[in-house]
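Please look through the structure shown here with attention to its strands, chain contact, salt bridges and backbone angles. A short report follows it.

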Amino acid sequence: MSSFLQTLIDGVTVGGLYALIALGYTMVYGILKFINFAHSDIFTLGAWMTLTIAGWLGVQAGGGATGPAAWYVGVGVLVLTMVFVGVVGFVIERLAYRPLRQAPKLNVLITAIGVSLFLQNFGQLKFIFGTDPAPTPLLLPGVTLFSVGGVSIQLVDVAVIGTSLVLMLGMEVLIFRTRMGSAMRAVSFSTRNASLMGINVDKVISFTFVIGAMLAAAAGFLYTLKYPGQLKQTADGMWVMLGLKAFVAAVVGGIGNVRGAVLGGLLIGLIEYLSVAYLKSEYRDAYVFAILILVLLFRPEGILGRATVEKV
Amino acid sequence: MSLLVIDNLQVNYGAIKALRGISLKVEPGQIVTLIGSNGAGKSTTLRAISGLVKPASGSILFEGKPIGGAAPHKIVRLGISQAPEGRGIFANLTVAENLALGAFQRRDAGVEADREKALGLFPRLRERFQQNAGTLSGGEQQMLAIARALMARPRLLLLDEPSLGLAPQVTQTIFRIIRDINASGTTILLVEQNANMALDVAHHAYVLEVGEIVLSDAAAKLAQSDEVRKHYLGVG
């Protein structure tokens, strides 16, 4: 029982990370109808910038001699990482994707792969992050908050789930309760008709990229909390796999649907951890992709996605 | 001064010349209609005015200022809004949200009053206010498209084929409301295949054939001309 609870907690925690990344995939797809393959590298950048910015703020790897950082330093690292990566997201859209607005979708897709390769390899340069793994900063003390049914609830899990939750609720408000959100939904339905409403479509697209990048950055930050230790170099296959699973989450939830991305993320996280705990753990990635295949076979629009029919 | 002056406007879609140098004027307070068969370039003209397609040459002046080639959202800000062909409603949003988007550029206090006015013109929309726009009937969607365009408080309202696919009775209603909108002071440029209805409601009319204007006169006069009667009104 206690191991089951522990598995659930891990599943939800990792599912929250997947959900945050999936939101970026799904929002960009919703608006531009293309899969931003560089998005998983934005997540990687978030993790590495967490480490870098924590270093600038004097937080030592693994806690060093000073111990864990104060809570406000942790929040500061999160905010600065999100801002920095958000700016990177803006620049990428501006330089790589905007010039291709009228180009065929395939060109944009190939460009996204190019951006992805660039980010992976640029990150390995000696004066950027380098090719060696680096130790994560200790931003939270390893405290057990309380125990339920023999499972000790760690501060880290609460922080990761709590931050994910706050960000996801923030997205819900942004998209369904604000002027910018209604502009985003209008653009995702039809860029042409949105422009006839007086919506500056380019601005909405930039905004979407920035928000998506910031959420992925937050996921990178939370990843370093949940998995302290050595951060793998930016071109390591493990990052791609995490990004791919988040992409699967977006598809399973219904690509283009923000609530679907959250649901898909949690579902994929839970399925992954439950299958590792109760089935052969070597196949953890295979289980996730099997779910993808099942969804594509039986409900290709995803759980919350809708096959829209236009009235004429 | 004319509200809108188009001079020698050319628009190309790749190698296809959609508009081969058309010139027209819209006087303030009028309904001007552009009639012609499918593919004559009627919708292209409206798209060029709204900035959705870039003119290859020629000029578009709105209130004396050149607007040819400006971005669509800037043209809305200048005071031109459009109910596009096929209605272009956001089926994933509610009627209320669609109307709010029509006033996206506005931050003045008059938005709510204008919404009440629009709902007064189209009482059906009030009944369906919180419904998803995708669930509306074709006629209701057309009403929503016009009401939404009015939410921008335009000085020039562009209507692209408002009768398309609608039952005759619904078309009658829509055209009655178009007349009301004009009577309350909004200038309208109306594109229609239903020449009968269009000539009936308009002050001035232009006939477009394969990218060129072939006739232009007061609407009442054109409705009497043999050529128009034969080719566009299906009589004679």
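The sections below take these topics in turn.

## Model

This is a predicted model. Every value below was computed from it.

## Strand pairing in chain B

Strand E1 of chain B covers residues 4–13, and strand E2 of chain B covers residues 16–26. The two run antiparallel. Eight bridges join them. One facing pair is Gln10(B) and Arg20(B), the latter in E2(B). E1(B) and E2(B) make a hairpin, with two residues between the strands. Gly14(B) sits in that turn and has a positive phi of about 60°.

E1(B) also pairs with strand E4 of chain B, residues 57–62. This pairing is antiparallel too and runs over five bridges. Leu4(B) has Phe62(B) in E4(B) as its bridge partner. In a regular strand, side chains alternate between the two faces of the sheet.

## Contact between the chains

How much area do chain B and chain A bury between them? The value is about 2,100 Å². Carbon and sulfur atoms account for 58% of it. Three residues, His73(B), Phe90(B) and Phe104(B), supply 29% of the area that chain B buries against chain A. The contact takes 27 residues from chain B and 19 residues from chain A.

The count of salt bridges between chain B and chain A is one. Its partners are Glu97(B) and Arg185(A), with N to O at 2.9 Å. Is Arg185(A) buried or exposed? Arg185(A) is buried, because its relative accessible area of 13% is under the 20% limit. Glu97(B) reaches 23% and so counts as partly exposed.

## Salt bridges within the chains

Over all chains, the structure holds 21 salt bridges. One of them joins the side chains of Arg259(A) and Glu172(A), at 2.5 Å from N to O. This pair links distant parts of the chain, 87 residues apart. Arg259(A) is in helix H10 of chain A, residues 258–278. Glu172(A) is in helix H5 of chain A, residues 155–177. Both count as partly exposed: Arg259(A) has a relative accessible area of 42%, and Glu172(A) has 27%.

In chain B, Arg128(B) forms a salt bridge with Glu140(B). Their closest N and O atoms are 2.9 Å apart. The two residues are 12 residues apart in the chain. Arg128(B) is in the loop between helix H5 (123–127) and helix H6 (138–150) of chain B, while Glu140(B) is in helix H6 itself. Arg128(B) is partly exposed, at 23% relative accessible area. Glu140(B) is buried, at 4%. In chain A, salt bridges that share partners join Glu93(A), Arg98(A), Arg101(A) and Asp202(A) into one network.

## A nonpolar surface patch on chain A

Nine named side chains make up this patch on the surface: Trp71(A), Tyr72(A), Val75(A), Val79(A), Val83(A), Val87(A), Phe90(A), Val91(A) and Leu95(A). Together they have about 910 Å² of accessible area.

Val79(A) belongs to helix H3 of chain A, residues 71–97.

Most residues other than glycine have a negative phi. Lys33(A) has a positive phi of about 55° although it is not a glycine. Lys33(A) is in the loop between helix H1 (2–32) and helix H2 (39–56) of chain A. Lys33(A) is partly exposed, with a relative accessible area of 39%.

Glu161(B) also has a positive phi, about 50°, and is not a glycine. Where is Glu161(B) placed? Glu161(B) is in the loop between strand E7 (156–160) and helix H7 (168–183) of chain B. Glu161(B) is buried, because its relative accessible area is 4%, under the 20% limit.

Terms used
Residues are numbered from 1 along each chain as its sequence is written. Chains are lettered from A and ligands numbered from 1 in the order in which they are written. This is a predicted model: local features need pLDDT of at least 70, side-chain atom pairs count only at pLDDT 80 or more; totals for chains, interfaces and linings use all residues. Side-chain values use heavy atoms; hydrogens and water are left out. Two strands pair if DSSP finds at least two bridges between them. Helices (H or I, at least four residues) and strands (E, at least two) are DSSP runs, numbered from the N terminus. Patches are made of residues with over 30% relative accessible area and no salt bridge: like charges are joined within 9 Å, nonpolar side chains (Val, Leu, Ile, Met, Phe, Trp, Tyr) within 5 Å. Accessible areas come from the Shrake-Rupley method with a 1.4 Å probe; for residues, only the protein chains shown count as cover. A salt bridge is a side-chain nitrogen of Lys or Arg within 4 Å of a carboxyl oxygen of Asp or Glu. Contact means heavy atoms within 4.5 Å. Buried area is the accessible area (1.4 Å probe) that two parts lose on being put together, summed over both. Buried means under 20% relative accessible area, exposed over 50%, partly exposed in between (1.4 Å probe, protein chains only).
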